[in-house]
Amino acid sequence: MRNPGGPIGNQNDQMHPDDRRNLILFILIAVVIYFAYDHFLMQPKLAAMRAAQVEAQSNVAINPDSAAAETQTIRSREDVVADGARVKIDNGSVFGTIPAKGGRIDDLQLKTYFKTLGGTGHVDTVWTMRGNDVLSKDTPVTMEWANGQGLPFTRTISVDDKYMVTVKQSVTNNGAAKVTLYPYAYVAGIGIPEGFSKQTIAHEGPIGYLGDKLHEVKYKDLDEKGALEFAAAKGWIGITEKYWLTTLVPEQGEMVKYRFVATPAADGKSRYQADMRGAGREIAPGASAESVSRLFAGAKEVRVLDRYEREYAIPHFDLAVDFGLYYFLTKPFFYLLSFLWHVTGNFGVAIVIFTVLLRGAMFPLNNTSYRSFAKLKKIAPQMTELRDQYKDDKQKLQQEMVALYTREKVNPAAGCVPILLQIPIFFALYKVLSVTIEMRHAPFFGWIHDLSAMDPTTIFNLFGLIPWDPPLFMMIGAWPCLMLLAMLVQRSMNPPPQDPVQAKMIQLMPYFMTFIMAQFASGLVIYWTVSNVLSVVQQYIIMRSMGVEVKFFHRPEVEK
């Protein structure tokens, strides 16, 4: 700061207000460029790298035999299900079958979630069904098998009303010598899940909360290392996709060995496995032992994960949903949106109400910001005079500008503070709308049938009036256009930057933002549009109350 005294500052090393504003603008633009780079360059590159490995088929198994890690030829579900006797599963949320041979849980399907809107292992044990032949939330299934060496095994499988399967295994030693047995279970998938390379907003792949740390393992890293091993007395381990999770949960408090394993295959579709082995049970002749393990296989519904975390003392089970860096904002945002959704019955309406509440919470801060903008616009003629008077003396111009700010009690950087606060809020909401299954396929009004997907219309075919399907990069829908209109109105109400280059960037920013955000979830675009409209209304009221003339879409001249 070259100007002594005044409320803006009096230290020679203090940053000039215009420089502060430039720095903040630089940060904002850098963030936008990062998103654009990731969305238009990195993701297509990842898609090309992963194209050879895309594979939709995955399988799940729970088995006490560690030999189950061997690889077999992949067979269709129809062939596998038709091969031998099976127990039916139906609890209202999932359905499928369990084979008598092997007793693996290898055929589960979701009843309430669909792909679009609107086996592995070497197990030869043949189990005998006892009692019920249909597994439901009210009727568990018991299976028996004897190894021919004095060890009869009993396995009782139960399922709740959602996605948790509980397996209780017991064995009695009828032999003459003591034996030591280890509880073992694994989940496995063949190849990279379909659609994996199309988005990077959420972790997909091997995952586990082991001890006191969340481990999110990338497929490519596991391919390079082959295996990762851990030991912990609490935790869970499995494989996740964006909306789906298959994970093993042992009894907590017992030291368990966990592994992530990648096994290459000749066809290039590696086999990915997550397994766990409990502490050994030493069983004397005539004695018995048992173990209990659980399998979660289903949708990552946040409230269901929270329920299991409380019910079974599963540590941080909610972290299976990738809430990201701003977890402290993301999860409360989810709960508020979820509450509003249940009250209104429409997730889009919930987003609008959420936006109004959020703007209300930030009202005092925004009020200060818009008053600062109004003052800057009021003194804009004086600033223009100073630029004309000292156009050949930049140092003197800066000093006189600071003196003007001090005299009029204006802080140019004050208007940027709310914008900075919007960054974590925007990212947190972006996470909520992108990774939570509750908004998947949730409709709004009109043409928005899925708030988690981009606006399906585009201005380049007049929103469907012209029978032509433009390429993806030209899909700029009606809601993004409304967002652009709101941003242009807001830009016209703000004072222009004094730096010509910066002014040009500000002029282009609404169009650039619209082009980028048109590819995002329409729910996020609706939030940004409503937020901008509320900002325009608030700013208009403040400017009128301060006697500042408001000219919409008026672009003042800047220094050439």
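Tutor: We start with a definition: a residue is called buried when its relative accessible area is under 20%, exposed when that area is over 50%, and partly exposed in between, with a 1.4 Å probe and protein chains only. This is a predicted model, in which local features need pLDDT of at least 70 and side-chain atom pairs count only at pLDDT 80 or more, while totals for chains, interfaces and linings use all residues. Residues are numbered from 1 along each chain as its sequence is written, and side-chain values use heavy atoms, with hydrogens and water left out.

Threonine 128 belongs to strand S5, residues 128-130, where strands (E, at least two residues) and helices (H or I, at least four) are DSSP runs numbered from the N terminus. If we set aside residues up to four places away in sequence, threonine 128 touches Thr142, Met143 and Glu144, and touching here means contact, with heavy atoms within 4.5 Å. Alanine 146 stands 18 residues from threonine 128 along the chain, and the C-alpha atoms of these two are separated by 9.6 Å.

Lysine 431 can be described in the same terms, and it counts as buried because its relative accessibility is 12%. Lysine 431 sits in helix H10, which covers residues 417-435. With residues up to four places away in sequence again not counted, its contacts are Ile201, Ala202, Asp322, Phe323, Gly324, Thr330 and Thr436.

In helix H8, residues 380-389, the buried residues are Met383, Leu386 and Arg387. Seen down the axis of H8, these buried residues fall within an arc of 100 degrees, so they line one face of the helix; the arc is that of the directions from the helix axis to the C-beta atoms. The buried residues of H8 pack against helix H7 (363-378) and helix H9 (394-408), whereas the face turned away from the buried side carries the exposed residues Pro381, Glu385, Asp388 and Gln389.
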